[in-house]
Amino acid sequence: MPQTDEKPAWMMHGITAAPIEDYLYSLLPARDEVLAEMEAKAAERRIPIVGPAVARILHQLAIISGAKTVFELGSAIGYSTIWWARAVGDGGRVIYTDGDRKNADEAHGYFERAAVADRVTIKVGDALEFLSEEKREFDIIFCDIDKEDYPRALRMALPHLRKGGLFIADNVLWSGRVADPTPAEESTKAIVEFNRLLYGSSEMFTTILPIRDGVAVAVKR
């Protein structure tokens, strides 16, 4: 990716101190050609992706938990999907969901180039509707859809998550707006409610990691 003074949109300051955030990103090993291209495209077109620091956490959690099945609620161009697919390994399965056919077609091209297409099922349409149709339980459900839908996503995800499985959500600190005692935006209100529900759930044990825009990691009891 060309070097510029402007940071890519996926490198979001505001949660941790900017020098610390810069330091963390400086430590990251270079990504392969496909991921680096996706990061550049996301920065150029302001496509929402989790970025490499969060992606490494997702990949690591999948490996630690021995996950073989992942359901993504919201996948955009498939950046996080590739990290999941590499983590679940041969025989693993990742469900990609997005409402935009162009995103899905672009993602499929990346999956082919990253040699993970055989591990990914692509679904175009309403992510929550697709999840509701599933008859099996998943090892990991990852939530990165419209923020207003986060509380509903939690309620719908729990029956489809195995005991000991992980429910992970991005953007749960929402650029710090969750700290506003009287938020005006519906998206902020939804995330505040989501975080309260997640921590208050007797079915989940939750921690929020304050990296990038906040990542919630919850294990089903």
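A patch here joins residues with over 30% relative accessible area and no salt bridge, with nonpolar side chains linked within 5 Å. The model on screen is predicted.

**Stop one: the nonpolar patch.** Select Ile20, Tyr23, Leu24 and Leu27. Together they make a nonpolar surface patch of about 390 Å². Now pick out Ile20. Ile20 sits in helix α1, residues 18-27. Ile20 is partly exposed, at 47% relative accessible area.

**Stop two: salt bridges.** Side chains of opposite charge can pair when their charged atoms come close. This structure holds 15 salt bridges.

Select Arg31 and Glu39. Their side chains form a salt bridge, 2.8 Å from N to O. Is Glu39 buried or exposed? Glu39 is buried, because its relative accessible area is 3%. Arg31 counts as partly exposed, at 25%.

Move to Glu37 and Arg113. Their closest N and O atoms are 2.9 Å apart in a salt bridge. Glu37 lies in helix α2 (residues 33-45) and Arg113 in helix α5 (residues 101-113), so this pair links distant parts of the chain, 76 residues apart.

Next, show Glu134 and Arg136. This salt bridge has its closest N and O atoms 3.4 Å apart. Glu134 is buried, at 14% relative accessible area. Arg136 is partly exposed, at 35%.

**Stop three: the largest pocket.** The largest pocket holds about 680 Å³ of space. Select Pro48, Asp144, Ile145, Asp146 and Lys147, the closest to its centre of the 34 lining residues. Then colour α4 (79-88), β2 (93-98) and α6 (127-133), the elements that each give two or more residues to the lining. By class, the lining has 13 nonpolar, nine polar and 12 charged residues.

Conventions:
Residues are numbered from 1 along each chain as its sequence is written. This is a predicted model: local features need pLDDT of at least 70, side-chain atom pairs count only at pLDDT 80 or more; totals for chains, interfaces and linings use all residues. Side-chain values use heavy atoms; hydrogens and water are left out. Patches are made of residues with over 30% relative accessible area and no salt bridge: like charges are joined within 9 Å, nonpolar side chains (Val, Leu, Ile, Met, Phe, Trp, Tyr) within 5 Å. Accessible areas come from the Shrake-Rupley method with a 1.4 Å probe; for residues, only the protein chains shown count as cover. A salt bridge is a side-chain nitrogen of Lys or Arg within 4 Å of a carboxyl oxygen of Asp or Glu. Helices (H or I, at least four residues) and strands (E, at least two) are DSSP runs, numbered from the N terminus. Buried means under 20% relative accessible area, exposed over 50%, partly exposed in between (1.4 Å probe, protein chains only). On a 1 Å grid over the protein atoms alone, a cavity is a set of points where a 1.4 Å probe fits but cannot get out, and a pocket is an open set with protein on both sides within 12 Å along at least five of seven lines; lining residues have an atom within 4 Å of a point. Grid points are joined across faces, edges and corners, and a volume is the space filled by probe spheres set on the points. Ala, Val, Leu, Ile, Met, Phe, Trp, Tyr, Cys and Pro count as nonpolar, Asp, Glu, Lys and Arg as charged, and the others, Gly among them, as polar.
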